[in-house]
Amino acid sequence: MRDFDWYILSSLHKTKNITQSAKLLFIEQPTLTRRLQAMEKELGCTLVYRTTKGIEFTAQGEKVVRRAEVIVQLLQSIEKDIRQY
């Protein structure tokens, strides 16, 4: 998975909406959808279900997104440390 994929999962978990997450991440909605499908294929599981109210994470998706939150914090910490020099 790409570093940016962790940001996608984190954003999706916060917004529960693909279109809103795409806007927050400054990417097009079809691009986000394709990345999500690629992540699901790579991991071999369904991460989210699409509903009329947005998306809901599967049990496996919840496990992955908990890890995504940790990874996003780590990536942000690294970026912050690098900027201080």
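Select aspartate 5 and arginine 35: the two form a salt bridge, with their closest N and O atoms 2.6 Å apart. Aspartate 5 belongs to helix H1 and arginine 35 to helix H3, so this pair ties together parts that are 30 residues apart in sequence. Keep in mind that the model is predicted. Side chains of opposite charge can pair when their charged atoms come close. Are these two residues buried or exposed? Aspartate 5 is buried, because its relative accessibility is 1% and the limit for buried is under 20%. Arginine 35 is buried as well, at 16%.

A search of the whole structure finds 2 salt bridges. For the other, select glutamate 79 and arginine 83, whose closest N and O atoms are 3.4 Å apart. Both residues are in helix H4, 4 residues apart, which amounts to about one helical turn. An α-helix has 3.6 residues a turn, so residues three or four places apart point the same way. Glutamate 79 is partly exposed, with 34% relative accessibility, and arginine 83 is exposed, with a relative accessible area of 62%.

Now show the whole of helix H4, residues 59-83. Its 25 residues, at 1.5 Å a residue, should span 36 Å, and the C-alpha atoms at its ends are 37 Å apart, which agrees. Next, colour its buried residues: Gly61, Val64, Val65, Ala68, Val72 and Leu75. What do they pack against? Their partners are helix H1 (3-15), helix H3 (29-43) and strand S2 (54-57).

From there, move to the largest nonpolar core, which has 21 residues. Select Leu9, Leu12, Leu32, Leu36, Leu47 and Phe57, the residues with the most contacts inside this core. H1, helix H2 (18-24), H3, S2 and H4 each supply at least two residues of the core. Leaving aside neighbours within four places in sequence, leucine 47 is in contact with Leu9, Leu36, Met39, Glu40, Glu56, Phe57, Thr58, Gly61 and Val64.

Go on to threonine 33, in helix H3. Threonine 33 is buried, with a relative accessible area of 15%. Not counting residues up to four places away in sequence, threonine 33 touches Ile18 and Arg50.

Return to helix H1 and select phenylalanine 4 and tyrosine 7, which lie 3 residues apart, about one turn of the helix. A search of the whole structure finds 1 aromatic pair. Its rings are those of phenylalanine 4 and tyrosine 7, with centres 6.4 Å apart and planes at 35°, so the pair is tilted. Phenylalanine 4 is partly exposed, at 35% relative accessible area, whereas tyrosine 7 counts as buried, at 17%.

The last stops are in loops. Most residues other than glycine have a negative phi, and most peptide bonds are trans. Select lysine 16, in the loop between H1 and H2. What is the phi of lysine 16? The angle is near 60°, a positive value in a residue other than glycine. Lysine 16 counts as partly exposed, at 31% relative accessibility.

Finish at phenylalanine 26, in the loop between H2 and H3. Phenylalanine 26 has a positive phi of about 60°, although it is not a glycine. With 76% relative accessibility, phenylalanine 26 counts as exposed.

Definitions and conventions:
Residues are numbered from 1 along each chain as its sequence is written. This is a predicted model: local features need pLDDT of at least 70, side-chain atom pairs count only at pLDDT 80 or more; totals for chains, interfaces and linings use all residues. Side-chain values use heavy atoms; hydrogens and water are left out. The expected span of a helix is 1.5 Å times one less than its number of residues. Buried means under 20% relative accessible area, exposed over 50%, partly exposed in between (1.4 Å probe, protein chains only). Contact means heavy atoms within 4.5 Å. A nonpolar core is a set of buried Ala, Val, Leu, Ile, Met, Phe, Trp, Tyr and Cys residues joined through side-chain atoms within 4.5 Å. Rings of Phe, Tyr and Trp (its six-membered ring) pair if their centres lie within 6.5 Å; planes under 30 degrees apart count as stacked, over 60 as edge-to-face and the rest as tilted. A salt bridge is a side-chain nitrogen of Lys or Arg within 4 Å of a carboxyl oxygen of Asp or Glu.
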